[in-house]
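Colleague: I would like to go through this model with you. Shall we start with how residues are classed, then take the ligand site and the rest of the chain?

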Amino acid sequence: MLSAHCYGCHSTAVTQNGGLDLEDFNSLKQYIINDFRGDGIYGSKLYHCMLHAANALPMPPDYKLDSCDLNKMHTWLREGAKNN
Ligand code: HEC
């Protein structure tokens, strides 16, 4: 899902000259930690961006993921965001 919707702007190849590389699990991980507050609830910044929540940069910028993709992401985060 990340490769379909995010790597277009956040892959190792694209971000060589700076920018956020989500293909790199360590940099992805920084955005998964549940310390971000948006819409009145704490959660991961990554997920808030995907929800287009208040206070977060909407990602992807030009459209919103469908609820199926968002559910998948939510499940993956709840299971501890394993590197799989
Ligand atoms: C059309 C290009 C584009 C796409 C597609 C895109 N992003 Fe971004 N994203 C950006 C830009 C530009 C920034 C701001 C500069 C940067 O950090 O690279 C950004 C920043 C971010 C940030 C940092 C937000 C912050 O406040 O620090 C996160 C997290 C993020 N994107 C996640 C995602 C996720 C997850 C996806 C896929 C669901 C995605 N992006 C898809 C262009 C994109």
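Modeller: One definition first. A residue is buried under 20% relative accessible area, exposed over 50%, and partly exposed in between. Bear in mind that this is a predicted model.

Colleague: By that scale, is M59 buried, exposed or partly exposed?

Modeller: The relative accessibility of M59 is 26%. Buried needs under 20% and exposed needs over 50%. M59 therefore counts as partly exposed.

Colleague: And H10, buried or exposed?

Modeller: H10 has a relative accessible area of 17%. The cut-off for buried is under 20%. So H10 is buried.

Colleague: Which protein atoms are donors of the iron atom of the ligand?

Modeller: Two residues supply them, at 2.0 to 2.2 Å from the iron. A donor must be an N, O or S atom within 2.8 Å of the metal. The protein donors are H10 (NE2) and M59 (SD).

Colleague: What arrangement do the six donor atoms make around the iron atom?

Modeller: Ideal angles for six octahedral donors are 90 or 180 degrees. Here the donor atoms subtend angles of 86 to 179°. That makes the arrangement octahedral.

Colleague: How many residues apart in sequence are the parts that H10 and M59 tie together?

Modeller: H10 lies in helix α2. M59 lies in the loop between α4 and α5 (67–78). The pair ties together parts whose separation in sequence is 49 residues.

Colleague: Which element gives the most residues to the shell around the ligand?

Modeller: The shell holds 17 residues, with C6, C9, H10, K45 and M59 the closest. They divide into 13 nonpolar, three polar and one charged. With four residues, the element that gives the most is α4.

Colleague: M50 is in α4. Is M50 buried or exposed?

Modeller: M50 touches M1, L2, M59, K64, L65, L70 and M73, leaving aside residues up to four places away in sequence. Its C-alpha atom is 9.2 Å from that of M73, 23 residues apart along the chain. With a relative accessible area of 4%, M50 is buried.

Colleague: Where is S27, and is S27 buried or exposed?

Modeller: S27 sits in helix α3 (residues 25–30). Beyond four places in sequence, S27 touches L20, D21 and L22. At 13% relative accessible area, S27 is buried.

Colleague: Is the peptide bond from M59 to P60 cis or trans?

Modeller: P60 is found in the loop between α4 and α5. Most peptide bonds are trans. Omega from M59 to P60 is near -10°, and this bond is cis.

Colleague: N55 has a positive phi. Where is N55, and is N55 buried or exposed?

Modeller: Phi of N55 is near 75°. N55 is in the loop between α4 and α5. Its relative accessible area is 63%, and the cut-off is over 50%, so N55 is exposed.

Colleague: A81 has a positive phi too. Is A81 buried or exposed?

Modeller: Most residues other than glycine have a negative phi. Phi of A81 is near 50°. A81 is found in the segment after α5. At 10% relative accessible area, A81 is buried.

Terms used
Residues numbered from 1 in each chain as written. Predicted model: local features only at pLDDT ≥ 70, side-chain atom pairs only at ≥ 80, totals over all residues. Heavy atoms only, no water. Near = heavy atom within 4 Å. Helix = DSSP H or I, 4+ residues; strand = E, 2+ residues; numbered from the N terminus. Nonpolar A, V, L, I, M, F, W, Y, C, P; charged D, E, K, R; others polar. Donors = N, O, S within 2.8 Å, 3.2 Å for Na, K, Ca; no water. Tetrahedral: all angles 85-135°; square planar, octahedral: opposite > 155°, others 65-115°. Buried < 20%, exposed > 50% of the residue type's maximum accessible area, 1.4 Å probe, protein only. Contact = heavy atoms within 4.5 Å.
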